[in-house]
Amino acid sequence: MSAPERVFIGLGSNLAEPTEQLRQALHGLRQLPATQWAGVSGLYLSDSLLPGQPRYSNAVAALDTTLAPLALLDALQRIENEQGRVRAERWGPRTLDLDILLFGERLLDEPRLRVPHYQLHLRPFVLYPLAELVPGDFTLADGRALSELLRACPFQGLERAGELA
Ligand code: ROI
């Protein structure tokens with residue numbers, strides 16, 4: 001059997017009691033096959049990057065998995081669908097969004113999956129919770145230092161609102 005890889009999942013919701021959506025999603029992540037729980041950040045609240053949407057709840061979870069990347073992606077999309085996500089508009093409000101941010105040391109550029117996540121460096125609601133789960137000198141598989149990404153992406157507008165688990 002192959003060695004488990006540490007993956008980081010970004011969670012986001014801005015509909016139907018967003019923070020409860022995240023809690024329920026964490027429950028789903030704990031049930032994934034071939035996967036061990038490795039921790040979760042605190043809860044972060046922020047305005048949407050797009051105007052006219054409700055505020056978001058966000059967090060990042062860490063898992064150790066032997067699932068292949070696309071198998072994990074399928075499993076995450078099942079959790080999204082079980083929680084009633086309707087994919088009406090590409091960037092519209094959503095009950096639950098689960099993104100694979102990092103997958104071990106892998107660099108993936110496939111139609112369904114780009115890892116590291118292509119907008120990670122632009123999203124304080126991803127970078128700051130991620131930073132809670134890794135050492136201070138953490139570097140991404142593509143060589144970028146998390147500390148540099150944090151420096152370039154101010155905490156501005158983000159509110160850390162306690163613990164999820
Ligand atoms: N804004 C915030 N604060 N959190 C998100 O998860 C989020 N997700 C999105 C867009 C609409 C870009 N804005 C967001 O997809």
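Residues are classed by relative accessible area as buried (under 20%), exposed (over 50%) or partly exposed (in between), with a 1.4 Å probe and protein chains only. The structure is a predicted model, in which local features need pLDDT of at least 70, side-chain atom pairs count only at pLDDT 80 or more, and totals for chains, interfaces and linings use all residues. Residues are numbered from 1 along each chain as its sequence is written, and side-chain values use heavy atoms, with hydrogens and water left out.

Helices (H or I, at least four residues) and strands (E, at least two) are DSSP runs numbered from the N terminus. Strand 5 comprises residues 97-103 and is mostly covered, seven of its seven residues being buried. Strand 1 (residues 5-13) runs antiparallel to strand 5 and is joined to it by six bridges; strands are taken to pair if DSSP finds at least two bridges between them. Within this pairing, Asp97 of strand 5 stands opposite Gly12.

Most residues other than glycine have a negative phi, and most peptide bonds are trans. Glu17, in the loop between strand 1 and helix 1 (18-30), has a positive phi, near 60 degrees. Glu17 counts as exposed because its relative accessibility is 58%. Ala34 lies in the loop between helix 1 and strand 2 (35-40) and also has a positive phi, of about 55 degrees, although it is not a glycine. With a relative accessibility of 47%, Ala34 is therefore classed as partly exposed. The peptide bond between Val115 and Pro116 is cis, with omega about -5 degrees. Pro116 belongs to the loop between strand 7 (113-115) and helix 3 (124-131).

An N or O atom in the side chain of Ser46 is 2.8 Å from a nitrogen atom of the ligand.

Notes:
Polar contact = N/O pair within 3.5 Å; in protein donor to acceptor, adjacent residues only side chain to side chain.
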